[in-house]
Amino acid sequence: MTDHVYKKIEITGTSAVSTEEAVRNAIARAAKTVKNMRWFEVVETRGSIEDGAVSHWQVTVKVGFTLDN
């Protein structure tokens, strides 16, 4: 087994559809600039309410990635 050193960042994704899509949006955007992502952890879920209904989701995730050698 190879030893790894990980770094964590915290990002927030949004979606008008679902929490799952908010996570996917956050990870997809981070993937454009962050290499070697390995895992994520949902740390907070929030949403907006309009006219008595959920109108938007916001999900904060911690993303772990390995550092380059």
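Which residues does T66 touch, not counting residues up to four places away in sequence? They are H4, V5, Y6, K35, N36 and R38, where contact means heavy atoms within 4.5 Å. T66 is found in strand 3, and at 6% relative accessibility it counts as buried. Here buried means under 20% relative accessible area, exposed means over 50%, and partly exposed lies in between, with a 1.4 Å probe and protein chains only.

This is a predicted model, in which local features need pLDDT of at least 70 and side-chain atom pairs count only at pLDDT 80 or more, while totals for chains, interfaces and linings use all residues. Residues are numbered from 1 along each chain as its sequence is written, and side-chain values use heavy atoms, with hydrogens and water left out.

**The sheet**

Helices (H or I, at least four residues) and strands (E, at least two) are DSSP runs, numbered from the N terminus. In this model 3 strands form an open sheet in the order 1-3-2, with antiparallel pairing. The edge strands are strand 1 and strand 2, each of which pairs on one side only. From one strand to the next, the twist averages 15 degrees. Two strands pair if DSSP finds at least two bridges between them. Strands of a sheet pair through backbone hydrogen bonds, either parallel or antiparallel.

Strand 1 (residues 6-15) and strand 3 run antiparallel and are joined by 10 bridges. Strand 2 (residues 37-50) is joined to strand 3 by 12 bridges, and these two also run antiparallel. T60 in strand 3 stands opposite T12, and T60 also stands opposite E44. The bridge partner of T45 in strand 3 is V59. Helix 1 packs on the sheet and touches strand 1, strand 2 and strand 3. The direction of helix 1 makes about 130 degrees with that of strand 1; axes are lines fitted to C-alpha atoms, for helices over the stretch in contact, and angles run from 0 to 180 degrees between N-to-C directions.

**The core**

A nonpolar core is a set of buried Ala, Val, Leu, Ile, Met, Phe, Trp, Tyr and Cys residues joined through side-chain atoms within 4.5 Å. The largest one has 10 residues in all: I11, A22, V23, A26, A30, V34, V59, V61, V63 and F65. Helix 1 (19-30) and strand 3 are the elements that give two or more residues to this core.

V63 lies in strand 3 (residues 53-66). At 1% relative accessibility, V63 counts as buried. Leaving out residues up to four places away in sequence, V63 touches K7, K8, I9, I11, I27, M37, W39 and F40. V63 and E44 are 19 residues apart in sequence and 13 Å apart in space, C-alpha to C-alpha.

**Two residues with positive phi**

Most residues other than glycine have a negative phi, and most peptide bonds are trans. N36, in the loop between helix 1 and strand 2, has a positive phi near 60 degrees. N36 is partly exposed, with a relative accessible area of 27%. D51 has a positive phi near 55 degrees and sits in the loop between strand 2 and strand 3. The hairpin of these two strands has 2 residues between the strands. D51 is exposed, with a relative accessible area of 83%.

**Salt bridges**

Side chains of opposite charge can pair when their charged atoms come close. A salt bridge is a side-chain nitrogen of Lys or Arg within 4 Å of a carboxyl oxygen of Asp or Glu. A search of the whole structure finds 3 salt bridges.

| Side chains | Distance, N to O |
|---|---|
| E20 and R24 | 2.8 Å |
| K35 and D68 | 3.0 Å |
| R46 and E44 | 2.4 Å |

E20 and R24 are separated by about one helical turn because they are 4 residues apart in helix 1. R24 is exposed, with a relative accessible area of 55%. What does the pair of K35 and D68 tie together? K35 lies in the loop between helix 1 and strand 2 and D68 in the segment after strand 3, so the pair ties together parts that are 33 residues apart in sequence. K35 is exposed at 54% relative accessible area, and D68 counts as exposed at 52%. In the remaining pair, R46 is partly exposed at 29%, and E44 is partly exposed at 40%.
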